[in-house]
Amino acid sequence: MYAQQQQSAPGNYLAFVERQLTADGCATRWEDWAGVPVLVGRRADFRMRWMATRLHLFTVAAAVPEITVPTISAFTDQVMKYAKDTKGGLPVGMQNGVGAFPVLVSDRADPAAVRWAEEQQRIKFACMTRPVVVDSARNYVGMYRGKPALGRVYASYFIEKGSRYFYGQ
């Protein structure tokens with residue numbers, strides 16, 4: 001199934017993301033989520049400047065036929081639950097945080113979905129997500145690149161990882 005997907009622009013982009021994640025030291029694997037091949041990348045980093053916290057960063061990416069606001073919103077919720085359920089170790093919030101990049105790639109991305117991804121970071125207790133919408137027809141990547149008040153201490157980390165993984169910078 002993955003071999004068929006790789007022939008498309010979205011498949012090529014997912015292969016690019018996989019290379020970027022691997023080059024940055026992430027553990028990567030492919031999973032089947034209800035018949036959809038999903039790339040999962042994972043790493044954990046500890047910084048004293050993060051108030052001595054370990055941040056578990058998950059990147060979960062999939063190609064879909066079309067991206068709408070409900071699609072990326074539901075995928076973001078699914079990725080956050082997955083990250084919280086699989087991170088292991090101490091509970092979230094006890095010197096442990098979870099960050100995630102839920103990534104959807106398609107040749108058909110609704111501009112409203114791109115704007116939704118770009119407008120803000122989504123936060124739940126000790127869990128931050130920066131959804132990414134990739135319009136492979138326009139070669140455009142939409143994601144939030146700001147520094148929010150809540151979770152600001154991690155902002156430069158998310159910006160740096162997002163630039164590396166999704167823009168190749």
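Predicted model: local features only at pLDDT ≥ 70, side-chain atom pairs only at ≥ 80, totals over all residues.

Reader: What makes up the secondary structure of the protein chain, and which pattern does it follow?

Author: The protein chain has five helices and eight strands, and along the sequence they follow the pattern α-α-β-β-β-α-β-α-β-β-β-β-α.

Reader: How do you know that strand 7 and strand 8 pair?

Author: Pairing requires at least two bridges between two strands; strand 7 (residues 132–135) and strand 8 (residues 140–143) are joined by four bridges and run antiparallel, so they count as a pair. Val 132, for instance, stands opposite Met 143 in strand 8. The two strands form a hairpin with four residues between them, and Asn 139 in the turn has a positive phi of about 55°.

Reader: Which way do the residues of strand 7 point, and are they buried or exposed?

Author: Val 132 and Val 134 point one way, whereas Val 133 and Asp 135 point the other way, and all are buried, which means that each has under 20% relative accessible area.

Reader: Why is the meeting of helix 3 with helix 4 called a contact?

Author: Contact means heavy atoms within 4.5 Å, and Val 69, Ile 72, Ser 73 and Thr 76 in helix 3 meet Ala 112, Ala 113 and Trp 116 in helix 4 in this sense. By class, this contact has five nonpolar, two polar and no charged residues.

Methods:
Residues numbered from 1 in each chain as written. Heavy atoms only, no water. Nonpolar A, V, L, I, M, F, W, Y, C, P; charged D, E, K, R; others polar. Buried < 20%, exposed > 50% of the residue type's maximum accessible area, 1.4 Å probe, protein only.
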